[in-house]
Amino acid sequence: MDNNDERREKDELSEILSRNKERRQKEENNDVSSDMDKTGVFSGEIFGSGKNEQNAVPDSLNAKRIDEAEEMDEEGLHDIEFDEETEKPISDKALKRAREARKQLKKQREARKTVIRILLGVAVSAAVIFFGVRLGVKLYDMITDFGGMENSEFEVSVEIPENPTVEQVAQALKESGIVQEPEFFKLYFSYKSKDKEWRHSGDTFEGGEFILSSSMNYSTIIDTLLPSSAGKSTVEVTIIEGMTAIEIGRLLEDKFVCRAEDFEKFYREKMNKYDFERRVTPGSLKFNQLEGYLFPDKYEFYECRELKANPEGDIDTSEQAEEAASKIYSNFNSKITKTMYKQMNTMGLTLDELITLASMVQSEVSNVEDMRKVASVFLNRLKVGGDLSKLQSDVTVFYVQDFIEPYYKDYGLVTSLAAISNAYDTYECDGIPAGPICNPGMDAISAVLDAESTDYYYFCANEETGETFYARTLEEHEENLVLAGIS
């Protein structure tokens with residue numbers, strides 16, 4: 001040990017001695033004689049000074065006490081007896097124990113510091129993660145709210161007070177469930193209002209009752225609520241079971257909702273907005289990717305005044321077409337239940353296959369009883385396969401002739417017309433065709449999921465009477481063709 005270490009050790013021990021003296025002085029004021037006796041015994045036993053040989057103890061007991069002394073904490077260090085003249089421990093052994101005790105104290109202090117640093121680090125990390133997650137969740141909520149990407153699709157009538165402030169509009173939208181982040185909505189409107197190229201720049205909201213959808217983004221909501229949309233007249237549109245996407249587009253144009261060619265954009269390709277679309281598989285042989293999912297029902301749409309005033313004009317109605325498509329697909333999304341999906345999976349059918357079979361059933365017959373029997377014929381043939389693997393349904397041929405071949409050249413498809421036509425024609429393709437041939441209603445969809453149990457493999461119908469005939473064998477079927485006036 002060098003001189004500096006000795007000096008530092010001496011200073012430390014002197015400080016301990018000083019504190020020890022102070023503590024002992026207080027104890028002596030209470031009971032001097034008793035404490036002195038105890039100190040003498042303690043010093044004689046622990047340090048073995050030789051000044052009081054009559055109090056000496058066996059070496060084995062001394063060794064045990066020395067081992068115990070090595071575990072001393074700060075309080076134990078204060079109890080070491082020092083020579084008042086030299087200010088050193090009375091013996092070398094005592095000095096060694098003092099050093100060991102000081103090392104233990106240093107280790108304990110370092111350990112406490114390490115634990116505190118670890119706890120502080122964990123606390124800081126937890127805080128960063130917590131606020132980071134909160135910020136991420138908030139940003140996600142704002143983005144989904146801005147884009148109208150709610151999990152549940154619904155429509156609601158929103159009442160806006162007369163001459164409202166942006167604050168009142170945002171609050172009304174919040175209360176109706178259309179907007180979840182009203183502060184962000186107000187911020188977006190403020191930003192949008194400063195855009196000189198925006199056609200509504202400088203406009204303020206007007207009061208009235210508006211029909212809004214949770215799938216609308218902020219821009220669509222604002223366009224709907226501003227004066228250019230206030231007072232718009234609505235029109236009721238009924239989509240009938242069995243109508244094709246092309247026919248529905250024409251109907252919407254006839255009702256001045258949007259142009260048929262603008263509506264076409266939203267059934268030729270997936271919109272990727274609804275849960276059911278995850279189960280729809282795009283394919284190069286499918287003519288219209290979302291044919292079959294335009295759910296037949298009664299709808300109320302806003303009329304496009306520009307289109308009504310100038311039906312032949314070059315008017316862009318893409319926004320109105322998207323709103324109409326969104327409302328229709330949202331309806332389909334809500335109609336197909338988890339129970340139906342479960343039954344579909346049990347039958348080993350995909351959603352595309354279910355809707356395709358339902359579209360064929362819808363086009364073949366009109367009453368529920370016959371729908372379940374026709375569905376059984378298709379399912380029986382698919383189960384048997386072989387020579388019966390071709391479903392041979394005339395309605396698929398009509399779809400090719402009426403709704404694929406006349407429009408193929410306008411679609412700019414890479415796949416050849418022959419390949420697409422053969423993929424739909426059930427006299428050419430095996431099994432279920434490439435896609436739905438119309439938009440079926442709930443009766444037809446349910447008929448496939450709950451088909452009647454039969455051993456029929458053929459059917460035909462009398463077009464005049466509507467009567468349907470079923471057969472187990474080809475011979476029976478040929479006889480039914482005569483009864484139906486077909487052969």
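E159, E162, E206 and E209 together form a negative surface patch. A patch of this kind joins like charges within 9 Å, taken from residues with over 30% relative accessible area and no salt bridge. In this scheme Asp and Glu count as negative and Lys and Arg as positive, while His and the chain ends are not counted; the place of a Glu charge is taken as CD. The model is a predicted one, in which local features need pLDDT of at least 70 and side-chain atom pairs count only at pLDDT 80 or more, whereas totals for chains, interfaces and linings use all residues. Residues are numbered from 1 along each chain as its sequence is written, and side-chain values use heavy atoms, with hydrogens and water left out.

Helices (H or I, at least four residues) and strands (E, at least two) are DSSP runs numbered from the N terminus. E206 counts as partly exposed because its relative accessibility is 37%; buried means under 20% relative accessible area, exposed over 50%, and partly exposed in between, with a 1.4 Å probe and protein chains only. The accessible areas come from the Shrake-Rupley method.

Two residues other than glycine have a positive phi. N163, with a phi of about 45°, is found in the loop between β1 (155-160) and α5 (166-176). N163 counts as exposed because its relative accessibility is 69%. F256 has a phi near 60° and sits in the loop between α8 (245-254) and α9 (260-268). At 23% relative accessibility, F256 counts as partly exposed.

The structure holds twelve salt bridges, each defined as a side-chain nitrogen of Lys or Arg within 4 Å of a carboxyl oxygen of Asp or Glu. One of them joins R472 to D455, with the closest N and O atoms 2.9 Å apart. Because R472 lies in the loop between β6 and α19 (474-483) and D455 in the loop between α18 and β5, this pair ties together parts that are 17 residues apart in sequence. R472 is partly exposed at 42% relative accessibility, and D455 is partly exposed with a relative accessible area of 38%.

A second salt bridge brings together the side chains of R372 and D450 (3.9 Å, N to O). This pair links distant parts of the chain, 78 residues apart: R372 is in helix α14 (residues 368-384), and D450 is in the loop between α18 (442-449) and β5. R372 is partly exposed, with a relative accessible area of 27%, and D450 is partly exposed at 47%.

R259 and E261 also form a salt bridge, their closest N and O atoms being 3.2 Å apart. R259 is buried, since its relative accessible area is 14%. Finally, a network of salt bridges links E167, E183 and K186.

Definitions and conventions. Patches are made of residues with over 30% relative accessible area and no salt bridge: like charges are joined within 9 Å, nonpolar side chains (Val, Leu, Ile, Met, Phe, Trp, Tyr) within 5 Å. Accessible areas come from the Shrake-Rupley method with a 1.4 Å probe; for residues, only the protein chains shown count as cover.
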